[in-house]
Amino acid sequence: MTDKRKYLYGPVPSRRLGLSLGIDIVPFKVCTLNCVYCQLGKTARTTIERKEYIPIESVLAELKQAIAEGLKANYITIAGSGEPTLNSRLGELVDGIKRLTNIPVAILTNGTLLYREDVRADCSKADVVMPSLDAGDEKTFLRINRPNSFISIVKLISGLCSFRKEFAGKIWLEVFIVKETNAGDEQIDGIKEAIKRINPDKVHLNTAVRPTADPNIARLSPEELQEIAARLGPNCEVIADFSPACKSTQYELKSEDTLELHSAINRKEKSLLSMLKRRPCSLNDICSSLGISHNEATKYIGDLLQQGVIQSEEREGTAFFKPSS
């Protein structure tokens, strides 16, 4: 049976958030950046235009239905397949979520629009905000994040600093390390200096453990990441998941609830694998066939790739997935 929800996905396991119900409030790959490591592929055209890309009333209606059906999650995460702060009604959405449930709200953002007062005001309504910072200098920023021409590393860092002064909740800053791009001593020192200015509650270190927009991206080893984490300070931890699958994550729900969720996830992964046995499929093929979002499909693909159950191959710029030999 396909999932009829258009804007909600999951709950799915998250290394940082436990069981996370995702909410997607911008169309696929509507983003301010075109990061080389994005697991959802390339951004055709970056933008900084804020508008109501997705109707908030429809999103809240889906959430209300999910709650009525017995939703169990540690967080409701506004993230999805693009940059959520581009939706001009983000703040209204957070207010609406909090009227429906006591489940805390997290916003997963690249942080590029936090230089804007209206974006900071919207994000301040959440409990946890999880921005990104992959560079401390403009050259590295351009190379790894490939931003819209109106965005600079100065705007990004200043926006994060301003948000820290105004936001009473938690800021968990993610730093994504790409070998031969931002892993050198000079680049790490620049990131460290920016982190001192921003003063986040936590720093999460990641690398390419799933398929990326640029197929030539090289990931760091766990040992290399641990060395960088030690340099970045005591509140920095490695979150890159090098394990065979993500199912070992511990959750704060009752055991029967966790088993029920894992059973649902396993059913979807089995459906995905059954489909791939018939023919190789792209990410769009998988989403259309299973009726799930790009973000949710990518999580299942990532699990199966890490287990070695499936493999990917590129055809004319598009990744296709098939069972391993």
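User: Why is Asp-185 called exposed rather than buried?

Analyst: A residue is exposed when its relative accessible area is over 50%, buried when it is under 20%, and partly exposed in between, with a 1.4 Å probe and protein chains only. Asp-185 has 54% relative accessibility, so it counts as exposed. This is a predicted model, in which local features need pLDDT of at least 70 and side-chain atom pairs count only at pLDDT 80 or more, while totals for chains, interfaces and linings use all residues. Residues are numbered from 1 along each chain as its sequence is written, and side-chain values use heavy atoms, with hydrogens and water left out.

User: Where does Asp-185 sit in the secondary structure?

Analyst: Asp-185 belongs to helix α6, residues 185-198. Helices (H or I, at least four residues) and strands (E, at least two) are DSSP runs, numbered from the N terminus, and the protein has 10 helices and 11 strands in this sense.

User: Why are Cys-38 and Cys-35 too far apart for a bond?

Analyst: A disulfide is a pair of cysteine sulfur atoms within 2.5 Å. The sulfur of Cys-38 has its closest cysteine sulfur in Cys-35, at 6.6 Å, and is therefore too far away for a bond. By this rule the count is 0 disulfides.

User: Why does Cys-38 count as buried?

Analyst: Cys-38 has 17% relative accessibility, and therefore counts as buried. Cys-281, with a relative accessible area of 0%, is buried too. Over the protein, buried residues make up 57% of the 325 residues.

User: What makes a group of residues a nonpolar core, and which members of the largest one touch the most other members?

Analyst: A nonpolar core is a set of buried Ala, Val, Leu, Ile, Met, Phe, Trp, Tyr and Cys residues joined through side-chain atoms within 4.5 Å. The largest has 92 residues, and the members that touch the most others are Ile-78, Leu-93, Ile-97, Leu-205, Leu-272 and Ile-286. Helix α5 (residues 153-166) contributes the most to this core, with 6 residues. Apart from it lies another core, of 6 residues, including Tyr-75, Val-128, Met-130 and Trp-172.

User: Which residues are in contact with Leu-272, leaving aside its neighbours within four places in sequence?

Analyst: Contact means heavy atoms within 4.5 Å. With those neighbours left aside, Leu-272 is in contact with Ile-286, Leu-290, Tyr-300, Ile-301 and Leu-304.

User: Which residues of helix α2 are buried, and what do they pack against?

Analyst: In helix α2 (residues 90-100), the buried residues are Leu-90, Gly-91, Leu-93, Val-94, Gly-96 and Ile-97. The buried residues of α2 pack against β2 (18-24), α1 (56-68), β3 (75-79), β4 (105-108) and α3 (117-123).

User: What makes β1 and β8 the edge strands?

Analyst: Two strands pair if DSSP finds at least two bridges between them. In an open sheet of 8 strands with mixed pairing, the order is β1-β2-β3-β4-β5-β6-β7-β8. The edge strands β1 (8-14) and β8 (236-238) each pair on one side only.
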